[in-house]
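Here's a quick briefing to read alongside the structure. Have the viewer open, and we'll go through it topic by topic.

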Amino acid sequence: MVDDLAEQAGVPVEILEALSLALPAGAGRLYDQRVYRKKHGGIREVFNPRQPFGTINKNLHRSFLRLFSHDPPNHVHGFVRGRSTISNASQHLAKPCVLRMDLEDFFPSIGAATIKTTLREQGYEEKAADIAVNLVTIGGKLPIGLSTSPLLSNLAFLDTDRSLAEYAQSEGLSFTRYVDDLTFSGDATDRHSVDIAQILDDAGWSVNTRKTAFMRRGGPQYVTGLYVGESDRPRIPRQVKRKMRWISHVISKFGYYTYMKDFGGAGEVMLRSRLLGWACYIAAVEPDVGYPLLRAFDELVPDPDEEIYSLL
């Protein structure tokens, strides 16, 4: 089975075993680490694997997708092909109350023992599971930044997903999860938030109470960044639409480079790829707003080669 794992990783067994021994020893040369301060306190560690570790991890991710028997529950929308923040928000339209709860340190709270159990359940023998665990965890935790982490996080949370879904159904609530963002909608009350927190605590997860929010009809109701107060579809927040229209206006009137230099575009790193990305996302949610922006940015914002040339 170790031979099979090496084939999945795309390297000889000797290299796989050496890498497996190096990572737990804290071989920082195999990855770059960045630490960010969270808006509401705490830090977030993000890991960027160097080569060949990055390629090996991507190969393992592709193998996991192909080999694992995993049918994501309907309510899970993060890291699932064909689902998105849009499909997630669409389950909570025009509800009397939207209850949002957030998990504390979701990825790092998934330890090596949990990942080993997950791999064993997927048919990996003991030694292969031990090697694989060393290749997909850093410091004994599931890291943010590795290709394998999203799928493994969904597998690790599967039992809790089922418990929460059963509870929501019994209470007549709609429930979705997008990574660590849990949303319940309907006639949600304080009792529900207490019960849900208890289910999570019993399963070994912690709620970030600073992010728990009840959003009632008539006031702002947002799910994964989209407004859900209307019954037909999610909407892009008004302030986002206003900002992107303003950017389009400034660029059309004064030019892209003036916008970047004198109107704050450079400070927000609003390069062509980012502007087009924003326009594409808006078009996916509200086509009548997004497509005009997409056409304008495509026409008015120079491509990367032209940007570089103009700065020489």
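A residue counts as buried under 20% relative accessible area, as exposed over 50%, and as partly exposed in between. Keep those cut-offs handy for the notes below, and bear in mind that this is a predicted model.

**The overall picture**
- The protein has 14 helices and 8 strands, and its C-alpha atoms fill a box of roughly 65 × 60 × 35 Å along the principal axes.
- Of the 312 residues, 45% are buried.
- The accessible surface is about 16300 Å², and carbon and sulfur atoms account for 50% of that.
- If you take contacts between residues at least 6 apart in sequence, 67% of them join residues at least 24 apart.

**Charge on the surface**
- There are 37 positive and 38 negative side chains, with the centres of the two sets 7 Å apart.
- A positive patch on the surface brings together Lys-39, Arg-44, Arg-210 and Lys-211.
- Arg-210 sits in the loop between helix H9 (190-202) and strand E6 (213-216). Its relative accessibility is 48%, so Arg-210 counts as partly exposed.
- Asp-3, Asp-4, Glu-7 and Glu-125 form a negative surface patch.
- Glu-125 comes from the loop between helix H5 (112-121) and helix H6 (126-136), and Glu-125 is partly exposed because its relative accessibility is 37%.

**A helix on the inside**
- Helix H7 (residues 149-156) is largely enclosed by the rest of the structure, because 8 of its 8 residues are buried.
- Those buried residues include Pro-150, Ser-153 and Asn-154, along with Leu-151, Leu-152 and Leu-155.
- What do the buried residues of H7 pack against? Their partners are helix H3 (53-67), H5, H6, helix H8 (158-170) and strand E4 (174-178).

**Backbone spots to look at**
- Gln-51 and Pro-52 are joined by a cis peptide bond, with omega at about 5°. You'll find Pro-52 in the loop between strand E2 (43-49) and H3.
- Val-179 isn't a glycine, yet it has a positive phi of about 60°. This valine lies in the loop between E4 and strand E5 (181-186). With a relative accessible area of 12%, Val-179 is buried.
- Val-269 also has a positive phi, near 50°, in a residue other than glycine. Look for Val-269 in the loop between helix H11 (256-262) and helix H12 (272-285). At 47% relative accessibility, Val-269 counts as partly exposed.

Definitions and conventions. Residues numbered from 1 in each chain as written. Predicted model: local features only at pLDDT ≥ 70, side-chain atom pairs only at ≥ 80, totals over all residues. Heavy atoms only, no water. Patch = residues over 30% accessible without salt bridge, like charges linked within 9 Å, V, L, I, M, F, W, Y side chains within 5 Å. Areas by Shrake-Rupley, 256 points an atom, 1.4 Å probe, with all protein chains shown as cover. Salt bridge = Lys/Arg side-chain N within 4 Å of Asp/Glu carboxyl O. Lys, Arg positive; Asp, Glu negative; His and termini not counted. Charge placed at Lys NZ, Arg CZ, Asp CG, Glu CD. Helix = DSSP H or I, 4+ residues; strand = E, 2+ residues; numbered from the N terminus. Buried < 20%, exposed > 50% of the residue type's maximum accessible area, 1.4 Å probe, protein only. Contact = heavy atoms within 4.5 Å.
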